[in-house]
Amino acid sequence: MRIALYEPEIAGNVGAVLRLGACLGVAVDLIEPLGFAWDDRRVRRTAMDYIDHVSVTRHADFAAFQAARAGARLILFTTKATRSAYDFRFEADDVLLFGKESAGVPQGVADRCDIGLRLPIRAEVRSMNLATAAALALGEALRQTDALPK
C-alpha cells in the first residue's frame, strides 16, 4: 500500500504524511509540482527524523506517477465522492491518492482513478486537513488488509 499526494501545497502537511508513512510502514509518492521548495525546513520540522524511515518517491507530474504505479488500484479520496471509505474493501497494494489542499485534483486526474471515496464529515464543514484525512484513510485500509504494524 502507498499514499500519493497530488501537488501538495503545504510543507507541514507533507511532513506529517511522511511521518505517518514512517510510523505505519507505507511509502509516499509526491506528484509535482510541490507548492514549496523540497528542501523547505518546514517539511523536516514536521517529519522530524522520521523522514529517514519512509520511502519517498517524487514524480515530475501525474503522467510520470501513472507510469510508475504498475497497475495497482488508484483510490482517490475526495469530498465529491458519495461512497464512504468505511463501505469499501481495500486491497494490500492499493494506492491512496489525496489532492492538493486548495483544490483537490482536476477532473482529468479524477477520471483516471479506479474509485473515489469520501471520509464522512459533518455537512457544516468543507473538508479535513490533508494529513488527518490520510491518517484516517490509511488506518482503515491497513486495518482491513491486516497490515497494521504489530
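Contact here means heavy atoms within 4.5 Å. By that criterion, and not counting residues up to four places away in sequence, Ala27 touches Met1, Arg2, Ile3 and Ser55. The structure is a predicted model, in which local features need pLDDT of at least 70 and side-chain atom pairs count only at pLDDT 80 or more, whereas totals for chains, interfaces and linings use all residues. Residues are numbered from 1 along each chain as its sequence is written, and side-chain values use heavy atoms, with hydrogens and water left out.

With a relative accessible area of 12%, Ala27 is buried, where buried means under 20% relative accessible area, exposed over 50%, and partly exposed in between (1.4 Å probe, protein chains only). Ala27 and Gln144 are 117 residues apart along the chain, and their C-alpha atoms are separated by 18 Å.

His59 counts as buried, at 7% relative accessibility. Its side chain makes a polar contact with the side chain of Asp29, at 2.7 Å. A polar contact is a pair of N or O atoms within 3.5 Å; within protein, one must be able to donate a hydrogen and the other to accept it, and residues adjacent in sequence count only if both atoms are side-chain atoms. Leaving aside residues up to four places away in sequence, His59 touches Asp29, Leu30, Ile31, Glu32, Ala64, Phe65 and Ala68. One of these, Glu32, is joined to Pro33 by a cis peptide bond, with omega about 10°. Pro33 itself sits in the loop between strand E2 (27–31) and H2.

Charged pairs come next. Side chains of opposite charge can pair when their charged atoms come close. A salt bridge is a side-chain nitrogen of Lys or Arg within 4 Å of a carboxyl oxygen of Asp or Glu, and by this rule the count comes to 9 salt bridges. In one of them, the side chains of Glu7 and Lys100 meet at 3.0 Å, N to O. Glu7 lies in the loop between strand E1 (2–6) and helix H1 (11–24), and Lys100 in the loop between strand E5 (95–98) and helix H4 (107–111), so this pair ties together parts that are 93 residues apart in sequence. Glu7 is buried, with a relative accessible area of 16%, while Lys100 counts as partly exposed at 21% relative accessibility.

Another salt bridge links Arg143 with Glu140, the closest N and O atoms being 2.8 Å apart. Both residues lie in helix H5 (residues 130–144), 3 residues apart, about one turn of the helix. Glu140 counts as buried, at 10% relative accessibility. Elsewhere, salt bridges that share partners join Arg73, Glu91 and Asp94 into one network. Lys150 and Asp146 also form a salt bridge between their side chains (3.4 Å, N to O). Asp146 is found in the segment after H5 and is exposed, with a relative accessible area of 60%. Although it is not a glycine, Asp146 has a positive phi of about 55°.

Ala70 has a positive phi as well, near 55°, in a residue other than glycine. Ala70 belongs to the loop between helix H3 (62–68) and E4 and counts as exposed, at 72% relative accessibility.

Finally, there is the matter of open space. Rolling a probe the size of a water molecule over the atoms shows where empty space is left. On a 1 Å grid over the protein atoms alone, a pocket is an open set of points where a 1.4 Å probe fits, with protein on both sides within 12 Å along at least five of seven lines; lining residues have an atom within 4 Å of a point. The largest pocket has a volume of about 710 Å³, a volume being the space filled by probe spheres set on the points, which are joined across faces, edges and corners. Its lining holds 30 residues, of which Phe77, Thr78, Thr79, Gly104 and Ser127 lie nearest the centre of the pocket. Strand E4 (74–77), H4, strand E6 (115–117) and H5 each supply at least two residues of this lining, and H4 gives the most, with 3 residues.

Technical notes: Helices (H or I, at least four residues) and strands (E, at least two) are DSSP runs, numbered from the N terminus.
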